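Good morning, colleagues. Please look at the sequence and the model on the screen, and I shall then take you through selected local features and the ligand site.

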Amino acid sequence: MWQGAVDRLDRVVADASRAYLQELRNCDVLMDPHAWTRELDRLSRGRPLDYGRPGLPLMYAIRYMPRRVISLLGALAEATSERVPRVLADIGSGTGATIVAMQLRYPTTRLELTGIDASAEMLAFARHTQSGLRHPAFFIEGTIESLIDDPQPIVSSEIVTFSAPFNRAFDQWAPLAEMFDDSAARLILAIEPESRASLLNAFERALRQHGWQTRRASSANLPAFMKAERALPALTRLWRQIGAPGAYQPQTWWEPPADEYLIAARSEGSANAGVSGTAGAYR
Ligand SMILES: C[S@@+](CC[C@H](N)C(=O)[O-])C[C@H]1O[C@@H](n2cnc3c(N)ncnc32)[C@H](O)[C@@H]1O
């Protein structure tokens, strides 16, 4: 069963990568995978990245997306109980890792998924992950800050996710937590590499002040089968075709760093409370 999910993940990312590459060619973008890789390497050195650079999303997806989807599958399993959260907004959705994780986790459920990101280029890649789906996710350009000003695009989402969208200087934690006060959100899931856990600490404090019950988990505790190295043949073929730029190759998992998960649920009795079953597990 797990191997089937890994195979689907491999195909989704590889097919989206090919379609995105074709889009770059159609727009006469200079094909320079080595330069895109050098830009991406800034991420592993903790430097800001230009997510709007054409080509960068391809390198991001090949390098990071399979691992992030697997981490998100673990986080969703940890965070969600018996009730399927059907309506989800993912903020800082990038190439679509959270959306793809939801579609792998609930393949037969009709989901309403929205991805929001500051980068039109990352969104362009993400849209290609939805080709051929009967109920594709919807992607819109926007920022965390614009949602704080006008949360309309997320007010009806039951679950709101943040998978590594925060830059280190982000300090709008109280307004961000307040943004959910009049929303349908009953579950918030935020994920960051453990080296950036201070971002989750700040978010957690703000959410607790707004009546959310929170707990933390880690990818360190994911089952061994999820973290075992599995082949990604479609992505590996594509990687070679574009000249195998960079010292890495497509991989399902590596550590360090582990990912930290912040899971927040509405307190029982709060205005929009809707969480069932999981609250007892929260501190
Ligand atoms: C490290 S990537 C994570 C992408 C995806 N969530 C994942 O887990 O693979 C960070 C993403 O956050 C987006 N981002 C950065 N700052 C943002 C902001 N203030 N508002 C919305 N998106 C932002 C970037 O454009 C980029 O796509």
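Ala-244 lies in the loop between H10 and E7, where helices (H or I, at least four residues) and strands (E, at least two) are DSSP runs numbered from the N terminus. Although Ala-244 is not a glycine, its phi is positive, at about 45 degrees. Ala-244 counts as partly exposed because its relative accessibility is 34%; the scale sets buried at under 20% relative accessible area, exposed at over 50%, and partly exposed in between, with a 1.4 Å probe and protein chains only.

Before I continue, a word on the basis of these values: this is a predicted model, in which local features need pLDDT of at least 70 and side-chain atom pairs count only at pLDDT 80 or more, while totals for chains, interfaces and linings use all residues. Residues are numbered from 1 along each chain as its sequence is written, and side-chain values use heavy atoms, with hydrogens and water left out.

Glu-255 and Pro-256 are joined by a cis peptide bond with omega of about -5 degrees. The peptide bond from Pro-256 to Pro-257 is cis as well, with omega near 0 degrees. Pro-257 is likewise found in the loop between H10 and E7. As background, most residues other than glycine have a negative phi, and most peptide bonds are trans.

Asp-28 is a further non-glycine residue with a positive phi, here about 55 degrees. Asp-28 is placed in the loop between helix H1 (2–26) and helix H2 (33–44). Is Asp-28 buried or exposed? Asp-28 is exposed, because its relative accessible area is 70%.

Let me turn to two buried residues. Gln-103 belongs to helix H4 (residues 97–105), and it counts as buried because its relative accessibility is 17%. The side chain of Gln-103 makes a polar contact of 2.7 Å with the side chain of Gln-130. A polar contact is a pair of N or O atoms within 3.5 Å; within protein, one must be able to donate a hydrogen and the other to accept it, and residues adjacent in sequence count only if both atoms are side-chain atoms.

Ala-217 is in strand E6 (residues 212–218) and counts as buried because its relative accessibility is 16%. Ala-217 and Ala-124 are 93 residues apart along the chain, and their C-alpha atoms are separated by 31 Å.

Finally, the ligand. Which residues come nearest to the ligand? Of the 18 residues around it, they are Tyr-60, Arg-68, Gly-92, Asp-117 and Ser-163, a residue being near if one of its heavy atoms lies within 4 Å. The shell divides into eight nonpolar, seven polar and three charged residues; Ala, Val, Leu, Ile, Met, Phe, Trp, Tyr, Cys and Pro count as nonpolar, Asp, Glu, Lys and Arg as charged, and the others, Gly among them, as polar. Helix H3 (56–79) and helix H6 (144–149) each supply at least two residues of this shell.

A polar side-chain atom of Arg-68 is 2.6 Å from an oxygen atom of the ligand. For Asp-117, a side-chain N or O atom lies 2.6 Å from a ligand oxygen atom. Ala-118 has a backbone N or O atom 3.4 Å from a nitrogen atom of the ligand.
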